[in-house]
Amino acid sequence: MNWNIKKLFILLVLNIHSISVHCQNGDDASLFHNYDIVKSIKKSAEDINISKNLKSISVGDKKVLNAFQNFLPNFINPILLELLSQTTSDKCVQDLQYAFRSLLSPADWPLKMVDSFGKPESGILLGNFKWLGEYDECLKVYAPPEGKTGLGDFHGKYCTLSIPVPLENMTLPLSTAVCLPDSCNPNATFSGMFNGLPFNFSISGMNEKVESILSNTTITCKARSKELTTGAIIVIIFLCIIVLLAVIGSSITALEHYMTTKAEKESVNIGGKSSLNGDVENTSREALALGANNEVRLPAWLEKYNSFFNCFCIFTNGEKILNTEGAEGHLPCLHGIRFLSMTWVIVCHSYLAVATYIRNPLESINYVDNWTFQIIMNGFFSVDSFFVLRLTPVYMIVLAFFAAVGPFVGSGPLWPDYTVIQACKDSWWWNVLYINNFQNMSDGCMGWSWYLANDMQFYVITPLFLITLYRWPKIGYSILGLFFCISFTANFAITYEYNFVKGMGNIVDFAEDLQNFLPSLMDFFNKIYTKSYTRIEAYLVGVLLAYIIYKRKQNNSGKLNTITLWIGWILASGVALTCQFGLYHQKLSLVAASFYNALSRLGFSLGLGWVIFVCVIGQGDAVNNILSWKPLIPLSRLTYCAYLVHPVVMTAYFGSIRALIEFNHINVIMLYLGILFISYAAALMTSLLFESPVIRLERLLRNKLSS
């Protein structure tokens, strides 16, 4: 068989078994840095449920809320003094009393301190339960010492007072920011401390209710600063070394270009094409040897290591990444599919991340509960476009940065206080071995990296399909069919046995029964969502499609007739759109839900496979023109790094916000576009500094060994 055809077949499999990347969907702190999908969805469902219950609260509950909303600002000072007097040092209480006494003084620091407190805001009935105050204003407060009394000489410390307000059919999780002297260090729950406060409510029984509410109050404070851990210092030093190598490699290339250009200007008879590329593999040494009397060479000690340093050159690596010419054997339409799939992943993750930090959960129901939003709610199908092997080194570098340096890259009222991500510290080796998809999602490191484990596992078994399809097609087809049956049976049986949800298209309806929905959701992610034996269908479609295209190339098959083409488009579109939108407000039986979970990925993958098929055989027309648009090629090359870094970008941004976000599509889409741009910029830097150098170092080492 012609070697080019063999090579095409292998490339097809390695490129196309990207047929199908599910949108992953926080305790704000744990979901923040662990990127815990299950906890994030759980929190969103709880917020929606509470907000829906607020629609029907009784008149009595409305009076309680109104009275408590007016009471809290007026009694916050005695509440804090009573609370702190029993839980922290005398210095703390004296400093706080000093701050309150100084409110009428000419100094502005006491006013700033009180001004930074969170206050009851509008929109409580829309779910606005978290009043963040002014984080930075609090930290900038400095109280000068008051003579020789020992009072003062403190900075502000940002703390959160969590106050559960019990109503007839729910408990509102109110929280408000308070600014305390940094001599205070209270982190506790307080019981029975407020019986002596002078409450005087006109509402019958309100005094007792407020005492009960305050007796379950919790206060937590954020550290003003954090010291870098040993792990963080090691990772930072490593990153600095890589940056230094990039500077050296780029400087050498720039020097070569300068020397060559200068020599060319001085030489009349000697030609040579100068290039900023500087690639030792492509920029020939003739460009530097310009003549007997005008020869340009680097110093011998530098020439010896130039090949190594050039692997880190940002000019060379950047030129390769940004090159819009596709390589031989590549399928142009796949570049567009990869990029569009990544934009789908990021928009899904953007909505998910925003949902954790919104001030109007009740209004969000109106935006979520419509059929067009199924693109987001059933964004699970977006990942099934990527199952392609990528490099371990850049994955491990991002993991190290995420685990060790990530906790130090931001600050704010919602930023976690820990200095290392414990899940990564405890279970990083699961990621190194690519078996982290068999962990519970709440225990794993980098919650979105389950996909990479699937990717590697599929790659390992690729020869089983390639060899049998090539040598013994009937056996190959039989093995493919067997794996399809195993995946179908696993999805169907697990869904039926555990009564799992069918996708996330009706989360608003599911939220009405949180007691049953949340455990089922967690089991769904752990038993189906991340497991390779339930997700392999998309990969198998990619293998089968690659083989079909390979056989057509081998047999020089002609184009499809018009009728076949139209029937294919109608069937593919109908199946894919049914998988995407078919669940909207549909209450499926357990058997129907089992069939949906067993067949939906297969159906969506077949629909996407048809698009690739018609583009490859030259009948994709406008679709192929869009997907094969050359500017998408560099963006496609960055999809792997973008997949790795975009959750880091999002968690850094949302963890650093100072105020909750008003949920509506305009706000989220504007945030999404910013996240998309920053994620791809970060992906470009990651690829220039890590991914491309690793590829070229591997090639350099292989060439050295072979020679």
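Colleague: How do helices α17 and α22 pass each other, in a right-handed or a left-handed crossing?

Modeller: Let's take the general idea before the case. Two packed helices are described by the angle between their axes and the distance between the axes. In this predicted model, α17 passes α22 in a right-handed crossing. Helix α17 covers residues 450-460, and its axis and that of α22 come within 10 Å. The two axes cross at roughly 70 degrees. An angle from 65 to 115 degrees counts as roughly perpendicular, and α17 and α22 are therefore roughly perpendicular to each other.

Colleague: And how do α19 and α22 cross?

Modeller: Helix α19 spans residues 473-498, and helix α22 spans residues 532-555. Their axes come within 8 Å and cross at roughly 155 degrees. Angles over 145 degrees count as roughly antiparallel, so α19 is roughly antiparallel to α22. The crossing of α19 and α22 is left-handed.

Colleague: Thanks! Now the strands. Which strands pair with β4, and is each pairing parallel or antiparallel?

Modeller: A general point about strands comes first. In a regular strand the side chains alternate between the two faces of the sheet. Now look at the pairing here. Strand β3, residues 154-166, pairs with β4 in the antiparallel sense over 11 bridges. P166 stands opposite T171 in β4. Strands β3 and β4 form a hairpin, with four residues between them. Strand β1, residues 130-131, runs parallel to β4, and two bridges join them. On that side, K130 stands opposite S175 in β4.

Colleague: Why is β4 described as largely enclosed?

Modeller: Count its buried residues. A residue is buried when its relative accessible area is under 20%. Strand β4 covers residues 171-181, and nine of its 11 residues are buried, so the rest of the structure largely encloses it.

Colleague: How many residues are in the largest nonpolar core, and which have the most contacts inside it?

Modeller: The largest nonpolar core has 134 residues. Those with the most contacts inside it are L172, L180, M446, L644 and F654. Helix α28, residues 665-706, gives this core its largest share, 11 residues. At least three residues of the core come from each of two domains: domain 1 (60-198 + 205-225) and domain 2 (332-706).

Colleague: What lies apart from that core?

Modeller: Another core, of 18 residues, lies apart from the largest one. Among its residues are L331, L545, V611 and I612.

Conventions: Residues are numbered from 1 along each chain as its sequence is written. This is a predicted model: local features need pLDDT of at least 70, side-chain atom pairs count only at pLDDT 80 or more; totals for chains, interfaces and linings use all residues. Side-chain values use heavy atoms; hydrogens and water are left out. A nonpolar core is a set of buried Ala, Val, Leu, Ile, Met, Phe, Trp, Tyr and Cys residues joined through side-chain atoms within 4.5 Å. Buried means under 20% relative accessible area, exposed over 50%, partly exposed in between (1.4 Å probe, protein chains only). Domain bounds come from an automatic or database domain assignment. Two strands pair if DSSP finds at least two bridges between them. Axes are lines fitted to C-alpha atoms, for helices over the stretch in contact, and angles run from 0 to 180 degrees between N-to-C directions. Angles under 35 degrees count as roughly parallel, over 145 as roughly antiparallel, 65 to 115 as roughly perpendicular and the rest as oblique. A crossing is left-handed if the near helix is turned anticlockwise from the far one by less than a right angle, and right-handed if clockwise.
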